[in-house]
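Hi,

Here is the structure I promised to pass on.

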Amino acid sequence: DVPKVPDSRGDSDGPRRGSLCDRHCAAINNVHGDLGDLGCHLHRPRVPPAMSTPPCCQQHSEEVCESCVVKTTLTAENLVEANKLSNNYKFGFKKWKSHVTERPWEDRSEIVKELYSDLNVIRGSGGSTLTCGNVLYLLLFGWWLSLLYILVAAVMFITVMGAPYGQLCWDLARYFLWPFGKVIQKVEVPKSHQVCEASVGESSALLGGPTPLRWRPWCWVGTGYWHRASTAAWLCLGYPVLVLAHGLVCVTAWLLIVLIPVAKLSACATSRVLLLPPERVLIRRLRMTEVPLEGEVILCCYRAANPYYYKYAVDGINVFAVNLLPLVLVTLVLGYVDSPNHLTGSAVKFTLALLSIMPLSYYIGMAIASISAQSNFAVGAVVNATFGSITELTFYITALIKGSREGNRCYAEVVKSALTGTLVGCVLFVPGLCMVIGGIRHQEQRFNSRSAGVSSALLFLSVGGVFAPTLFSKVYGKLVCGECHNVTQNPLGHYLCHNCHFDLMDNNGTLYYSHVQPLVYTVSILLPAAYLVGLFFTLKTHTHIYDIHVSDCHMPGHHHSAVVHWSRWRALVILLLSTLCMSACADLATEHISPILTNSTISQYFIGVTVLAMVPELPEIVNGIQFALQNNLSLSIEIGNCIAVQVCMLQIPILVLFTIFYPTNFTLVFSDLHVYASMFSVVLMNYIFMDGKCDYFQGTVLVMVYFILLAVYFFAPSPSGC
């Protein structure tokens with residue numbers, strides 16, 4: 001697939017050896033692609049075509065050129081980021097896209113710098129202020145905020161003593177109606193009478209032209225008692241109302257994310273502008289060629305909306321996760337305070353609990369990545385193994401406990417559907433979606449087929465082990481049907497039967513307790529053992545499979561001292577608190593899912609394989625998409641494969657172990673639909689990943705197959721016991 005490179009030496013054997021070695025080296029070097037915004041860069045030697053053949057290729061035959069495989073070097077800003085990048089390529093470790101340390105300011109793009117800058121920068125040429133975002137601001141906030149300032153100004157004028165602040169509110173009413181292209185400055189006024197004398201005919205070449213003549217009430221109010229009375233009237237009558245209004249604007253704009261500049265504008269107005277004496281606030285309109293240099297610039301806004309604010313982070317936490325965090329508090333308060341469902345119904349509480357799992361999953365992932373990056377390999381492995389599947393296990397265990405207490409087998413079937421949905425979704429939907437989105441930007445993407453092969457082999461093993469008890473029960477179980485009708489009216493004719501299943505409890509459960517249950521326990525021991533073998537293989541004896549070397553940057557301008565967002569202790573506290581909140585949300589979700597399962601016309605299979613399976617994995621899906629956009633499809637594929645392997649080799653054995661100590665209705669016997677869907681998905685995934693390269697068409701195939709399976713689950717009848 002890589003064009004042959006002519007050898008300038010003219011040796012007859014050179015082109016053949018060089019061509020083969022080039023193919024080996026190019027395949028490895030293109031495995032991981034360009035990580036771009038990930039915070040690191042791929043450094044490959046850029047040499048002329050005539051010298052592109054590695055020196056090692058001159059010493060080996062064309063059969064195998066093992067030593068010409070050059071490790072891809074990932075350079076990070078500091079040692080902590082280097083550890084995080086290295087952990088991303090380790091099997092069994094959580095793949096994390098976001099930084100766990102502060103990025104050097106000089107390494108950020110101008111777009112990102114603008115996101116974190118204060119609204120006090122004067123541009124020489126701001127361009128036109130008539131934009132869609134600015135018009136949206138006028139329609140959402142500008143008109144009523146300006147009207148409120150006019151009303152407050154009228155109240156302050158009526159008090160007489162608050163007239164200076166009334167004049168300020170009048171000026172701010174015009175400003176907040178359309179604040180774009182205007183500037184608010186803090187000016188120095190040594191003496192009030194100097195302001196009065198200079199207010200008429202004042203001119204400035206920098207600001208352009210004479211200052212407009214305005215009535216300045218503070219000229220006759222003076223100082224002392226009147227000044228204190230004016231301030232008291234303002235703080236009692238005007239300021240609280242405007243603080244509430246700006247607070248509403250700030251919260252609304254922040255939740256909309258793209259309007260975060262409006263939130264910054266309101267916050268600055270509340271904390272600075274409205275607390276300044278009126279004579280120290282100057283509001284001017286800028287011309288395209290004017291840059292005011294006198295006085296401190298407090299506010300200067302040109303755009304109300306910026307679509308790049310989806311990249312904005314607070315203390316290393318993405319703005320979406322920050323905005324969803326209050327939802328967790330609302331869910332917990334509403335769920336445990338309103339137990340009789342007086343305020344809201346079970347459907348609303350179930351939806352809120354399910355949505356609250358998303359930010360908690362993000363915080364758990366961030367905490368795991370932070371602890372692993374700042375610790376040694378052993379600590380990182382223990383943390384990833386302990387908390388890597390905590391999100392799913394929390395929900396599964398609480399559902400099984402509730403089903404056991406109520407004697408309802410439907411909860412166990414929903415858990416099986418969620419397990420199958422996670423497996424199928426991570427095998428088909430996650431890599432398929434990443435291929436489609438990454439293929440739009442990159443025509444063809446390559447990935448490390450050897451590392452993907454390890455995950456594929458473990459998937460084959462895990463799927464075979466998980467469904468072995470099911471296949472065993474199909475062979476030796478007794479078919480029992482709930483209702484049968486004679487179609488031909490002949491006792492020996494054909495019968496139409498409903499609700500048929502294989503009964504494992506025939507003869508007092510001899511088949512199940514003597515044969516199926518020991519097989520389940522054997523599989524539950526072998527699968528985690530195979531997972532440990534896979535870890536030892538990829539992390540100890542065959543680390544060269546990934547061909548990754550991570551080192552610190554030694555480029556000018558880079559900071560080598562790591563300033564972490566979360567220290568190890570802080571990350572540990574957040575991890576434990578997030579896990580506790582996750583348990584509470586999972587308990588609420590299982591508490592209020594019963595009416596949905598009972599009254600819904602949708603199959604319980606569909607609810608399990610979609611909502612319950614994929615919602616907790618949304619942060620992982622976002623990470624996979626970001627890796628794919630950076631042409632790093634290897635990590636996108638590994639995200640889905642690792643989750644699928646952990647479902648079969650860790651989560652299911654843990655659930656089986658849990659049933660030993662706390663008896664539930666969960667048995668490792670799945671329906672035929674789950675077996676066929678899982679096996680077909682794994683076979684198709686291995687076929688697609690065979691050649692180590694893909695495009696958006698192959699990703700579309702995986703996504704379409706996933707939606708076909710969802711359609712099958714949607715129209716499937718509800719499982720027995722529901």
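**What turned up**

Let's start with the kink: helix α22 bends by about 40°, centred on Val647. The bend at a residue is the angle between axes fitted to the seven residues ending there and the seven starting there. Bear in mind that this is a predicted model, where local features need pLDDT of at least 70, side-chain atom pairs count only at pLDDT 80 or more, and totals for chains, interfaces and linings use all residues. Numbering runs from 1 along each chain as its sequence is written, and side-chain values use heavy atoms, with hydrogens and water left out.

Buried here means under 20% relative accessible area, exposed over 50%, and partly exposed in between (1.4 Å probe, protein chains only).

Next, the rings. The whole structure holds 22 aromatic pairs. Rings of Phe, Tyr and Trp (its six-membered ring) pair if their centres lie within 6.5 Å; planes under 30 degrees apart are stacked, over 60 edge-to-face, and the rest tilted. One of the pairs is Trp96 with Tyr362, tilted at 5.2 Å centre to centre and 55° between the planes. This pair joins distant parts of the chain, 266 residues apart: Trp96 sits in the loop between α2 (79–88) and α3 (110–116), and Tyr362 in helix α11 (residues 346–373). Trp96 is buried at 1% relative accessibility, and Tyr362 is buried too, at 11%.

Tyr116 and Tyr312 make a stacked pair, 4.8 Å centre to centre with 20° between the planes. They also link distant stretches, 196 residues apart, with Tyr116 in helix α3 and Tyr312 in the loop between β5 (296–301) and β6 (313–314). Tyr116 is partly exposed at 26% relative accessibility, whereas Tyr312 is buried at 11%.

There is a ring cluster as well: ring pairs link Trp96, Tyr362, Tyr363 and Trp566.

Cheers

Key. Helices (H or I, at least four residues) and strands (E, at least two) are DSSP runs, numbered from the N terminus.
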